[in-house]
Amino acid sequence: MREFVFTVEYEDGADRVMDLFIEYPDLYARSMEINGTSEAVWGVEKVVGSAAVLDEFDDELERVANDPSTTGMCGAPVTEYECTILSSNAESRKIHWLRREGDGPRSIPFIAAKHIGEGLIMRTERRGNQYRWRLLIDGTASETHEEVRANLREGLSLTVERLGTPPCLLEDGRVQQTLTPEQRSALEAAIERGYYEEPRQQSVTEIAEDVGVSRSTFQYRLNRAEAWLAQQFAVDALDVDLNVDLDPEDIEFIQ
């Protein structure tokens, strides 16, 4: 299995919901689950932002759901759009949505289901002018890429970010290869003894004495463990690709 990651960028004014993300950089949305077939796409999305912006977001979703002229990112008319707020507080929403599109060039998940197969594992993120899509696929993604790029509405553009082994499938290997038992023990000892609390409960010297190693040895092990944690954060939260494995078939269309 490989992960296909690509981003659709929106110009200001091309989509009223995405305009909110462009206007308010702190507004952020990430899917918790997405399911799709060639007939419908549905999912659960968490949206985070200030209370005032989230109120605007709620209003815009309601407008889109009730607007018969709404179209998908590739121009097909939206024939059904249901949106239900599952939970709400001052800083976030959890939203369930279902979407169907009519005849014409359809949006990304419909195109992917047609070319790759139904039951795709998908994730999305929205921030600023970017709507990032991740698909876990077995095979080539060139047909999906070509159809999306050829049919995007005016004001939208497509960038492919990676096609390779998904970081989630590399996680166990990274733990075994780069975090030794000694490093793991050092990290656990630091956490248990309040090293990361504010104020700090114990120093490196004190923890090293407790676990019976020299200060320099403990500091080295802890530094290596912290570096590993930073690497995981870069992969999982910042979308930094530390392992990119491109298939020769796909290099031409990515360029």
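Ser-38 sits in the loop between strand 2 (28–36) and strand 3, where strands (E, at least two residues) and helices (H or I, at least four) are DSSP runs numbered from the N terminus. The model is predicted, so that local features need pLDDT of at least 70 and side-chain atom pairs count only at pLDDT 80 or more, while totals for chains, interfaces and linings use all residues. Residues are numbered from 1 along each chain as its sequence is written, and side-chain values use heavy atoms, with hydrogens and water left out.

Ser-38 counts as partly exposed because its relative accessibility is 26%, the class between buried (under 20% relative accessible area) and exposed (over 50%), with a 1.4 Å probe and protein chains only. Beyond its neighbours within four places in sequence, Ser-38 is in contact with Arg-106, Phe-110, Ala-113 and Glu-118, contact meaning heavy atoms within 4.5 Å. Ser-38 and Glu-118 are 80 residues apart in sequence, yet their C-alpha atoms are 7.0 Å apart in space.

The protein has 9 helices and 8 strands, and 44% of its 255 residues count as buried. Among contacts with a separation of 6 or more, 66% join residues 24 or more positions apart.

| Class | Lining residues |
|---|---|
| Nonpolar (Ala, Val, Leu, Ile, Met, Phe, Trp, Tyr, Cys, Pro) | 17 residues |
| Polar (the others, Gly among them) | 6 residues |
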